[in-house]
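This briefing covers one protein chain, grouped by topic. Please read it alongside the sequence and the model.

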Amino acid sequence: MKMDFDEDDLSSFTDLDDNGFPVSSSVDVESHGEEVEGEMSLPVGDVCSSTSDFAIDFYLSGTNWSELVRDEGDEVPKNGEKVKKALVQRDLFQVWGISKSSKRPGVSNPSTPKKRQRSVIDDFASGSALVGERKGAECNGRSRPHSCPFYKKIPGTSFTVDAFRYGAIDECSSYFLSHFHYDHYGGLSKKWSHGNIYCTDLTARLLRSCLSVNPQYIFPLEINAEHVIEDIKVTLLEANHCPGAALILFRLKDGKCYLHTGDFRASKSMQLYPSLANHHINLLYLDTTYCNPKYSFPSKDDVLAFVVRTTLKFLSKQPKSLIVVGAYSIGKEPVYLAISQALGVPIYANASRRKILQSFGWPDLSKKLCSCTESSPLHVLPLSCLRYENLKEYLKTCKQQFQTVLAFRPTGWTYSERTASHLDLIRPVIKGDVTIYGVPYSEHSSFTELREFVKFLKPEKIIPTVNAGNAANRARMQSYFKEWLKV
Ligand SMILES: [Zn+2]
């Protein structure tokens, strides 16, 4: 997601289903669709082409940490004219000496420029990304498939993380999924047959129930336990993101240790994870969604307290109010759970959302769900509904019971530094009978949380996984990393 773009602001999607999933023509009609969240700098509503732009930009833009190499000479004569040859991204794993020269498609070999492997640039240029073409890339109808970028691969293994939109990936035998958000699981459907998928038990249930992925490919892994997969020790750890989200720790036989955060919100409690406290991390794949000092927001608990406080105050003045919380498929559950708890009321959600929420296997949540709009003054609606016109119409449908609407739009980052430590400075948008609050309930790390996590972990190298789509961003993030890792 873009740094200057509200992480959950997908309201410009014109084709959202009832749960706020963007509906794509190539997504199985049986599936619930997807949520776009995290990872890439995507102009909203154009997931595939933007993914392509991200990858092209990533490979074409170079800084001193991700160098570019050319074939012999910068320019070669052609028909009397000088034609510039395409730049090729070095494989950082090789640059850093943690990976041998690779014969994998999409990875260049800087040591043998004359006979380098076919690169991802070549594949883009010719429109014939070999891997995707052979097996059929599964990227929501994009006509030009592309190869899996190296930064989704774990060096020294045949593993990838969150790399499902590239079809079958050469030399990949195990596909890890960090969590059930679309920009991470995109490409998975009931047609998936490219290899084993490893994830948490909760994510596995969602893959089965929401995407109808063939269970023979799904391998749930118990969290906080060490599993051995292809001689690699793998541990999933709670990521403090959405339900089922995991950090993934890989310990190789040669002693190398790699941590992929997927999407996460760093917290002090992570410093107590034995597997993080006891192992030196050689390579950290970091969720850098808010890796900018301007992103400062309060703790989740503080935001929940604010939401409850605001609700009680509002109800004291307007007792016949409907409370609405906006949400996508999964994530932000604690917001409506906190209101439900404070008011002692059940939570209304439509059938498809109830099915998803019940699949979490959380008794406290399941027992609070109700199926009748009139049974509760607390309704969970798609975030796309959290607009004045929509809420005004929604209120009309229950006008006999409620006179006003108080709505909360939990988003990643909605307010300025000035209000960062003063939640009560948040002002709602009020129009007639509709009051809407944007509240900074973030499921990604703030800048200071990221800094603290990195300083604790002291990894040798860091690969940013979000907002790395242009050289300026990467350079800026690397300068932060350098500062944080100073001894
Ligand atoms: Zn996510």
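A residue is called buried if 20 or more other C-beta atoms lie within 10 Å of its own, exposed if 12 or fewer do, and partly exposed in between, with C-beta atoms placed from the backbone. Helices (H or I, at least four residues) and strands (E, at least two) are DSSP runs, numbered from the N terminus. The model is predicted: local features need pLDDT of at least 70, side-chain atom pairs count only at pLDDT 80 or more, and totals for chains, interfaces and linings use all residues. Residues are numbered from 1 along each chain as its sequence is written.

**Overall composition**

- The protein chain holds 14 helices and 22 strands.
- Of the 487 residues in the protein chain, 46% are buried.
- Two residues are in contact if their C-beta atoms, placed from the backbone, lie within 7 Å.
- Among contacts in the protein chain with a separation of 6 or more, 64% are between residues 24 or more positions apart.

**Helix 10**

- In helix 10 (residues 351–358), the buried residues are R353, I356 and L357.
- Viewed down the axis of helix 10, these buried residues fall within an arc of 95°, so they line one face of the helix; the arc is that of the directions from the helix axis to the C-beta atoms.
- An α-helix has 3.6 residues a turn, so residues three or four places apart point the same way.
- The cover over the buried residues of helix 10 includes helix 6, helix 11 (363–366), strand 17 (369–370) and strand 18 (378–382).

**Nonpolar core**

- A nonpolar core is a set of buried Ala, Val, Leu, Ile, Met, Phe, Trp, Tyr and Cys residues joined through C-beta atoms within 7 Å.
- The largest such core has 99 residues, and I248 and V307 have the most contacts inside it.
- Helix 6 (residues 201–211) supplies the largest share of this core, 6 residues.
- At least three residues of this core come from each of domain 1 (47–293 + 448–484) and domain 2 (300–440); the domain bounds come from an automatic or database domain assignment.
- Leaving aside neighbours within four places in sequence, V307 is in contact with V335, A338, I339, F408 and V439.

- All 8 of the 8 residues in strand 19 (residues 404–411) are buried.
- T404, L406, F408 and P410 point one way from strand 19, while V405, A407, R409 and T411 point the other way.
- Two strands pair if DSSP finds at least two bridges between them.
- Strand 15 (residues 321–327) pairs with strand 19 in the parallel sense over 5 bridges, and L322 stands opposite V405.
- Strand 21 (residues 434–440) also pairs with strand 19 in the parallel sense, over 7 bridges, and A407 stands opposite I436.

- An open sheet of 6 strands has the order 10-11-12-13-14-22, with mixed pairing.
- Strand 10 (226–229) and strand 22 (461–464) are at the edges with a single partner strand each, so one side of each is left without a neighbour in the sheet.
- Strand 12 (residues 246–251) and strand 13 run antiparallel and are joined by 4 bridges, with F250 opposite Y258.

**M270**

- M270 lies in the loop between strand 13 (257–260) and helix 7 (274–277).
- M270 is buried because 22 other C-beta atoms lie within 10 Å.
- Not counting residues up to four places away in sequence, M270 touches L276 and F453.
- M270 and L457 are 187 residues apart in sequence and 9.9 Å apart in space, C-alpha to C-alpha.
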